[in-house]
Amino acid sequence: MQVQVGISREGLSKARLSELVVPIPPLPEQHRIVEKVDQLMALCDKLEERQRRREETRVRGSRAALHHLTTDTANTVLSDNWRRIKDNFHLLYDAPGTLSELRQAILQLAIRGKLVPQNPSDDPASVLLERIAEEKRLLASEGKISTPKSLPAVKSQEVPFEVPEGWEWVRFGDVTLNRDAERVPVPSTVRETRQGPFPYYGASGIIDYINDFIFDGTLLLIGEDGANLVLRSTPIAFFAEGKYWVNNHAHVIDGISIDLLRFVAVFINAIDLKPFVTGTAQPKLNQAKLQSIPIALPPLPEQRRIVEKVDRLMALCDQLEAQLSQSRTKAEQLASAVVHHLTAA
């Protein structure tokens, strides 16, 4: 019998409530039913509380392990921390959502020089900086870029952590080429009449497809505005490849090599950008702030090793997350089946 009334605001009227048909078991059976329900509800409360405590313990353990992993500097301590995480991995990371902190820890180790060993035969980062400066001077003399502005050296109070020998602290603008001037925003109303095969990028990735392109090749895009600068639900730095269009909500970054750009992407995705973001209602990472970000620059061969290791570890995290999601889905399906059989009994 339909007893609920109302459309915009649903309710149960007194008249309809009085018409409700309720099966009444014998009084002794009512007592047994209520007693059983109370027992089952108490059991559910205990299981829920146990699960909550287990989750809190896991989160604390995971965060403590990752904190030690990313802050302890001695190689022997670092190895011990890795071993501790490995031995307790199944306890620390037993749900898809728990892997985000592990991913961030991998990035932190990467930009601190703790993810791969250093090679004394690598040319130091200072050699790479000279090469970048020379490339910029050449491009400026050919009129392909404007004369690079001199950026202030990174001060000691701006350095958040020590770096290995051969690395250099530099500004983002020292090692990259900015191509924001080539961006062209296209309103959504205009894009509706210009649909096509070329990706149209915004602050967090592809938002549409259009019938023309501005850029042709692999470039690094970095979100310029939006809540994602603070929330970090998706990577701030990401790559666009092939032929595509970019609006004015993503910085377009070029470099002397793809390897360098890939390491810069790892670094930007690893650090906290809040000190460089302006605005609260609409967070923004303007070009001047982006250019000023301090970056720990390794030798170029080490950059390649770091990025390769990060890619492998992130791929493993993706596989593990897929397995955990599948396990969680199966568990939910089983629970749903149990509930169905209980209600159908």
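So, helix H10: 10 of its 13 residues are buried, so this helix is largely enclosed by the rest of the structure. Buried here means under 20% relative accessible area, while exposed is over 50% and partly exposed is in between, with a 1.4 Å probe and protein chains only. Among the buried ones in H10 are Leu-260, Leu-261, Phe-263 and Val-264.

Before I go on, a word on where this comes from. This is a predicted model, where local features need pLDDT of at least 70 and side-chain atom pairs count only at pLDDT 80 or more, while totals for chains, interfaces and linings use all residues. Residues are numbered from 1 along each chain as its sequence is written, and side-chain values use heavy atoms, leaving out hydrogens and water.

Okay, the overall picture. The protein has 12 helices and 10 strands; these are DSSP runs numbered from the N terminus, helices being H or I with at least four residues and strands E with at least two. Of the 345 residues, 36% are buried.

Back to H10. From first C-alpha to last, H10 reaches 18 Å, close to the 18 Å expected at 1.5 Å a residue; that expected span is 1.5 Å times one less than the number of residues.

What does H10 do with H5? The two pack at an angle of about 125°, with their axes 9 Å apart. That makes H5 oblique to H10, since angles under 35 degrees count as roughly parallel, over 145 as roughly antiparallel, 65 to 115 as roughly perpendicular and the rest as oblique. The axes are lines fitted to C-alpha atoms over the stretch in contact, and angles run from 0 to 180 degrees between N-to-C directions.Who makes the contact, meaning heavy atoms within 4.5 Å? On the H5 side we have Gln-104, Leu-107, Gln-108, Ala-110 and Ile-111, and on the H10 side Val-266, Phe-267, Asn-269 and Ala-270.

Now two loop residues. Asp-122 sits in the loop between helix H5 (99-111) and helix H6 (125-141). Is Asp-122 buried or exposed? Asp-122 is buried, with a relative accessible area of 14%. Not counting residues up to four places away in sequence, Asp-122 touches Pro-299, Pro-301, Glu-302 and Arg-305.

Then there's Ser-156, in the loop between H6 and strand E1 (168-171). Ser-156 counts as exposed, at 63% relative accessibility. From C-alpha to C-alpha, Ser-156 and Trp-169 are 9.6 Å apart in space, and they are 13 residues apart in sequence.

Key. Contact = heavy atoms within 4.5 Å.
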